[in-house]
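Please open the model in your viewer and have the selection tool ready. The tour goes from the whole chain to single contacts.

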Amino acid sequence: MYRWVQRNNKTLPVEIHKVPIPVRSSARRKTDQGRPWPVIYLSSWFKVAFQEPYGGFFFLAGQRLTELDEVKKTLSRFWSRYRGVEPNFVFPERPDLTIPFYVHGDEGRGYCKRHTFTTRLLYSLIPRERYAAEGASTQGLMAAFVADANELYHHGVEVTFGGICQRFYLQCLGTKGDWPFLRSAWKLWAGFSSKRLCHKCDFEDWHDFTTTGPLRTNPGANSRSVGDPFHRGPLAALRGLAPSGSTEKIKIDLAHTWSIAGCGKDYLASGLVFIAVHCRHFGAGAWELLLDRAFEDFSRWCVSNKKVSSIKEFSKEELKITSLQQYPRGLGKGSDAALVSKWIATVLEGMDENQVPEEYQNIFKVLKWGHASVSQFFKIIYCGKIWLTAHEGEQAECYGALARLSWEAGLALWYIRPKCHMLAHVVLSG
Ligand SMILES: [Zn+2]
């Protein structure tokens with residue numbers, strides 16, 4: 001493949017630098033050694049993006065440097081709107097010439113078959129087995145990244161295309177990624193395995209998503225001054241990011257919270273078991289058989305809607321349970337979450353409330369109400385709108401209500417785990 005890429009002239013002349021960082025020399029010996037590690041600086045990508053024939057297309061919202069007036073208007077409009085998203089943000093002095101960027105600590109491969117490189121710019125790759133002790137590899141890589149990014153923020157970079165020469169500045173909006181990345185990159189002691197779960201708040205009843213819960217009654221939870229969520233000792237490299245490396249820069253990634261090993265898949269797995277096994281929507285019989293029947297229905301739905309799922313069966317293994325006393329978890333890959341969700345919406349629509357056993361009527365009603373809210377939420381997100389109303393925030397509340405009602409009915413469904421809390425931050429308090 002490498003030869004094919006070279007032969008067909010599919011390469012970009014982007015400069016690759018090497019940064020000395022500690023890496024694990026071998027998994028067996030567990031010793032760390034300094035090694036020059038390859039990185040592609042943001043500044044290197046930026047320079048390549050302005051060469052012939054690109055003209056800055058990737059960085060200038062699909063425009064070229066030759067349309068400089070339009071570019072300036074687009075950037076100014078972006079920053080004026082961003083004020084509404086994050087009022088406490090340190091806004092750029094030259095909004096018309098400042099390009100925003102995000103740091104994503106994840107490979108993000110393959111969603112909808114778009115290659116990672118079409119939606120983001122690679123900085124570096126490091127296999128998990130090469131990580132040095134105490135996050136030293138990540139810190140080394142991030143320190144070099146921050147130095148380059150700060151240079152772009154303070155002094156900018158001059159580019160030329162089509163006879164126009166212009167200096168642009170770049171500013172970071174935030175960092176996202178999976179939870180282990182955020183913890184390692186920001187040196188957070190708060191997290192899913194700690195006594196304090198969340199770096200944004202320190203509410204003891206983090207699992208209360210009701211209207212009287214702390215997340216709802218304290219809408220300023222994000223900016224609330226709570227104890228430091230960072231480890232003691234040398235600061236994480238990202239905290240030196242200009243103009244501010246504050247906790248506000250640590251964002252929650254919805255994909256990792258909901259679909260990729262997230263609580264959304266647990267929610268769907270429980271919904272599936274509830275509908276197929278406890279409501280017997282696909283007939284009576286042993287629970288394994290009922291899940292098979294549900295899968296047949298799902299497969300038919302996929303075919304008639306021209307969808308392809310990676311899920312091969314609704315088996316115990318797929319739901320990660322051996323009995324109904326265990327909470328169903330996960331379901332397929334990240335991209336399957338949207339599919340299963342749509343299928344469940346169709347199933348719920350076709351269900352007659354009177355067929356649901358008396359003792360599960362309440363759960364059914366909440367699931368139906370909550371599922372409409374979940375669908376609406378993602379529809380809005382995917383349509384590219386940012387603003388969420390309290391109505392769309394109902395899904396976290398729905399998850400909590402389903403967990404409580406099923407517990408009362410003696411069903412092991414809708415397990416509440418830390419990611420539910422992070423979801424609540426996204427939908428309830430921004
Ligand atoms: Zn929190």
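The stops below cover the domains, a sheet and a pair of helices.

This is a predicted model, in which local features need pLDDT of at least 70 and side-chain atom pairs count only at pLDDT 80 or more, while totals for chains, interfaces and linings use all residues. Residues are numbered from 1 along each chain as its sequence is written.

Colour 2–183 as domain 1 and 259–428 as domain 2; such bounds come from an automatic or database domain assignment. Their C-alpha centres are 37 Å apart.

Next, select 98–105 and 157–161, which are strand 3 and strand 4. Helices (H or I, at least four residues) and strands (E, at least two) are DSSP runs, numbered from the N terminus. The three strands form an open sheet in the order 3-5-4, with mixed pairing; two strands pair if DSSP finds at least two bridges between them. Strand 3 and strand 4 are the edge strands, each pairing on one side only. Zoom in on Phe101, which stands opposite Cys172 in strand 5. Helix 5 (residues 179–186) packs on the sheet and touches strand 3 and strand 5; contact is taken as C-beta atoms, placed from the backbone, within 7 Å.

Finally, show helix 8 (residues 263–278) and helix 11 (residues 336–349), whose axes come within 10 Å. Which residues of helix 8 meet helix 11? They are Gly264, Lys265, Leu268, Gly271, Leu272 and Ile275, facing a set in helix 11 that includes Val340 and Ile344.

Technical notes. Two residues are in contact if their C-beta atoms, placed from the backbone, lie within 7 Å. Axes are lines fitted to C-alpha atoms, for helices over the stretch in contact, and angles run from 0 to 180 degrees between N-to-C directions.
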